[in-house]
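This report covers model confidence, helix packing and backbone geometry. The sequence and structure come first.

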Amino acid sequence: MKALNKILATAMSGLLLVGCNDLDTEPLGSTVTADQKEDVYANDPGMLEASVTGITTMSSLFGNALGTDYHNDFGYPALMLSMDTRGYDFVSEYTGYNWFSAQVGYEDHITNSVYTYNVWRTLYNQIYSANAVVSAVDPATEDPTLQYYLAQALAYRAFDYHALAQLYQFTYATHKSAPCVPLVLAENSDEVAAAGGAPRSTVEEVYTQILSDLNAAIALLEKTSVAPAAGRAGKKYFSVGAAYGLRARVHLTMQNWAQAAADAQSAITKSGATPYSRTDVAQPSFATADDNAWMLAVIVEEGDRVVTTGICNWPSHMGSLNYGYASVGAWRCVSQKLYKSIPETDVRKGWWLDANGRSVNLNSQQQDYITNTAGAYPYTQVKFAPYQGVIYQDVNANDIPLMRVEEMYLILAEAQAMAGDAATGAATLQSFVSTYRDPAYTVKAGATKEEVQNAVYNQRRIELWGEGMSYFDLMRLQKGVDRRGAGFQSAYVYNIAPDDPILILLLPLGEVEANPNLGDNNPESSTPMPVPDTL
């Protein structure tokens, strides 16, 4: 096996962020400068296109938030791994090879943790770039190219604020008036600069802005004649279908059930995407945005710095069939409790190794590698294929899914049921699962809306495993974090109540010190105590 450089001291000391950049370079300490506005106000389409492309590529830059000493700093995909690790369905060991050990042990709940800085800087840096585009384009423009670029900036800004809102405060349904995150916009940048920083807006105010941005983005995308590039290349941009999909997510979080159902249906119809078939996912997959199920993605090229680092990327930390941190001990495993709940008739059972380290979804070469060469643990994931299907290669240039059409069917089913039509929601869920994943699947006859919602949640746990959605789900549904029976090391088996403040992040210390208007931080919480690992 190839040697993988151990950086154990750095990895474990990565629980704290020391030597932060000057806050003048931070998003809340910055504004779109007059020179920047002047450059892009020339409405040079090439310049604006480069700015919008810059927003999308920030999703996978190495070292953009924390610096190159941190191998867990590779854009939004790193946040996806962090969030999944904090939950209960995504099992990994607390080990030096695991750069997300702080999330395993909830040691990240301090105001100068790497995690909160990584979230804050990754998302606000992207917001800052989106604001530069918004500032440069007249919202009343009739130029289709400018309409398209403006829509991208608005949609990505909404995406980022939606993530921030769900990580720095409890869910909209119960905490509308609670302090959330500052709204720093192109539209208020002068005021923020004059005041020395923006105060925390309430959860409701943040969601109002998110919907305002999405409403505007959808309206622009509906009327512009510019279309994304065909296939994989266009999926780093929001199509009108993906914008409806994001608004469906937002309405689902807000419990605006009818609107969530309508937007999910529009996303399905307008995206033209179709779910993976059972045959498609009866093997390691989910590696390229060429697949028709994908609606929005982080597009990664072989020459990108995040790839040429070798190991500082999403496939390195996630992948079981490629070279990287996971394959030398930081395996990503499914909860044993969840795995055992999946019927044998469900093709997704093969997305993970069984108790004997085998999967029916692997061919003989893949099985031999995973068993005899890599020595993967039972329940290790084999959902995600290596780049171009080549085992144990060190070119980790996989694309990463941000939105698949399968999610839209699950949103539709949940929202239909919770809007008052449990029978229709159950029928939507049963049709989707039985057609694409498990032909024997049925929803209980006469299921209540809450039972349908729970059935959808269980399907989301399986279908979207490893795609950065699980933490948002357990927060919006107020599930808490019960790791009993999942397979965690005994010291990290927790049963965290849904209202425990450890579930929301503390604002970064540097931001608190630099912004006098920020107000109180979120409540501190001690590291949870382990509980007996009973089923």
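In the protein chain, which helix has the lowest mean confidence, and which the highest? Confidence is lowest in helix H1 (residues 8–13), with a mean of 32, and highest in helix H16 (residues 405–418), at 99. These values are pLDDT, the predictor's confidence in each residue, from 0 to 100.

This is a predicted model, in which local features need pLDDT of at least 70 and side-chain atom pairs count only at pLDDT 80 or more, while totals for chains, interfaces and linings use all residues. Residues are numbered from 1 along each chain as its sequence is written, and side-chain values use heavy atoms, with hydrogens and water left out.

**Confidence**

The protein chain has an average pLDDT of 91, and 91% of the residues score at least 70. Over residues 1–42 pLDDT stays under 50; the model has 95 contacts beyond four places in sequence for these residues, a contact being heavy atoms within 4.5 Å. Where pLDDT is low, the predicted coordinates should not be read in detail.

**Helix pairs**

Helices (H or I, at least four residues) and strands (E, at least two) are DSSP runs, numbered from the N terminus. Axes are lines fitted to C-alpha atoms, for helices over the stretch in contact, and angles run from 0 to 180 degrees between N-to-C directions.

| Helix pair | Axis approach | Crossing angle |
|---|---|---|
| H7 (residues 144–167) and H9 (residues 203–223) | within 8 Å | roughly 155 degrees |
| H11 (residues 257–271) and H16 | within 8 Å | roughly 150 degrees |

H11 is therefore roughly antiparallel to H16, a term for angles over 145 degrees. Residues of H11 in the contact include Trp257, Ala260 and Ala264, and those of H16 include Met408, Ile411 and Leu412. By class, the contact of H11 with H16 has 13 nonpolar, three polar and one charged residues. Ala, Val, Leu, Ile, Met, Phe, Trp, Tyr, Cys and Pro count as nonpolar, Asp, Glu, Lys and Arg as charged, and the others, Gly among them, as polar.

H7 and H9 are also roughly antiparallel to each other. Their contact has 16 nonpolar, five polar and three charged residues.

**Burial and backbone**

Tyrosine 379, in the loop between helix H15 (364–373) and strand S6 (400–404), has a positive phi of about 75 degrees although it is not a glycine. Tyrosine 379 is buried, at 9% relative accessible area. Glutamine 478 has a positive phi near 55 degrees and lies in the loop between helix H19 (470–476) and strand S7 (481–482). With 39% relative accessibility, glutamine 478 counts as partly exposed.

Technical notes
Angles under 35 degrees count as roughly parallel, over 145 as roughly antiparallel, 65 to 115 as roughly perpendicular and the rest as oblique. Buried means under 20% relative accessible area, exposed over 50%, partly exposed in between (1.4 Å probe, protein chains only).
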